[in-house]
Amino acid sequence: MTTVTRTTDPHRGAPAGEPLLFADDLTAGYLTGVDILRGCSLVLHPGELVGIIGPNGAGKSTLLKALFGLVSVRSGRVTLAGADITNARADDLVRRGIGYVPQTNNVFPSLTIEENLQMGLYQAPARFAARLEVVLGLFPELGPRRRLRAGSLSGGERQMVAMARALMMEPSVILLDEPSAGLSPVRQDETFLRTRRINKAGVSVVIVEQNARRCLQICDRAYVLDQGTNAYSGPGRQLMHDPKVVELYLGTLATDVERDSPTAHDDTADD
Ligand SMILES: Nc1ncnc2c1ncn2[C@@H]1O[C@H](COP(=O)(O)OP(=O)(O)O)[C@@H](O)[C@H]1O
Ligand SMILES: [Mg+2]
């Protein structure tokens with residue numbers, strides 16, 4: 001047997017230099033005595049798009065919450081451009097340039113789109129007009145609809161509002177929790193393309209995704225989490241073709257089914 005770089009090494013395939021965001025060996029959980037993250041690490045370098053995939057319950061959402069100060073880190077460290085931000089408060093993290101888009105309940109349904117975007121910038125209201133222009137440039141569909149209540153929008157549109165709101169503060173890093181969940185395949189594709197566009201516009205991205213293959217296609221590097229710890233990491237395309245990752249986490253059945261029945265998605269919920 002030959003040995004290559006350990007596939008659990010969180011730096012595998014990462015560029016040189018200081019990471020923008022570094023989660024180093026985190027232990028974290030909700031209930032006393034129950035650790036959900038058990039030695040979990042992630043690095044995000046400036047300009048990168050990094051994915052997190054893994055089975056349900058692996059701790060993907062918990063990792064994002066730990067990065068954003070929403071679940072307490074019991075051991076290990078989180079740094080942002082070298083500064084310790086372990087267990088910092090979410091509002092402090094927003095001020096320091098981290099945006100977070102939770103998977104659900106991520107808009108204020110009774111507020112209009114524009115009011116939702118204002119909420120994203122409540123810490124810096126004077127910048128509203130300038131930021132609105134930039135953010136509507138990334139989400140041109142929202143402009144004409146800005147007076148509509150977010151609660152009246154489709155799932156795909158609400159997801160756009162949630163992302164747009166997080167971008168209002170001009171974050172250097174954005175954490176996205178399953179932005180494509182519950183959307184039709186066409187809307188899912190749009191979400192992935194838009195995520196890439198946001199990344200190309202200069203925002204470093206950590207994206208948790210249930211659509212593992214698509215995620216590996218678009219990201220620079222990815223992490224496979226399993227049972228609260230790093231199972232595999234490396235460049236997205238490398239993981240996509242790693243026989244172990246395919247066997248354990250990507251599977252072949254789903255793609256075969258998709259290929260055999262082009263209409264299989266017709267009943268997917270969205271608008
Ligand atoms: N608020 C919570 N309180 C207690 N346990 C939770 C809470 N949220 C998630 N968990 C548990 O943490 C584990 C990881 O959940 P999660 O991070 O949501 O996984 P994933 O996002 O990978 O599907 C699961 O066992 C889940 O039941
Ligand atoms: Mg989750």
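Helix axes here are lines fitted to C-alpha atoms over the stretch in contact, and angles run from 0 to 180 degrees between N-to-C directions. With that in hand, welcome to a quick tour of this predicted model. Two topics stand out for a look: an open sheet of six strands, and the crossing of helix α3 with helix α5.

**The helix pair**

- Helix α3 (residues 113-120) and helix α5 (residues 155-167) have axes that come within 7 Å and cross at roughly 35°.
- The crossing of α3 past α5 is right-handed.
- On the α3 side, the residues in contact are Ile113, Asn116, Leu117, Met119 and Gly120, and they meet Val161, Ala164, Arg165 and Ala166 of α5.
- Sorted by class, this contact between α3 and α5 has six nonpolar residues, two polar ones and one charged one.

**The sheet**

- Reading across the open sheet, the six strands follow the order β6-β7-β8-β3-β9-β10, and their pairing is mixed.
- At the edges sit β6 (98-101) and β10 (229-235), each of which pairs on one side only.
- On average, neighbouring strands of this sheet are turned by 15° against each other, with direction ignored.
- Inside the sheet, β3 (residues 49-53) pairs with β9 (residues 221-226) in the parallel sense, over four bridges.
- One place to look in this pairing is Ile52, whose bridge partner in β9 is Tyr223.

**A helix on the sheet**

- Helix α6 (residues 185-200) packs on the sheet, where it touches β3, β7 (173-177) and β8 (204-208).
- The direction of α6 makes about 155° with that of β8.

How values were computed
Residues are numbered from 1 along each chain as its sequence is written. Chains are lettered from A and ligands numbered from 1 in the order in which they are written. This is a predicted model: local features need pLDDT of at least 70, side-chain atom pairs count only at pLDDT 80 or more; totals for chains, interfaces and linings use all residues. Two strands pair if DSSP finds at least two bridges between them. Two residues are in contact if their C-beta atoms, placed from the backbone, lie within 7 Å. A crossing is left-handed if the near helix is turned anticlockwise from the far one by less than a right angle, and right-handed if clockwise. Ala, Val, Leu, Ile, Met, Phe, Trp, Tyr, Cys and Pro count as nonpolar, Asp, Glu, Lys and Arg as charged, and the others, Gly among them, as polar.
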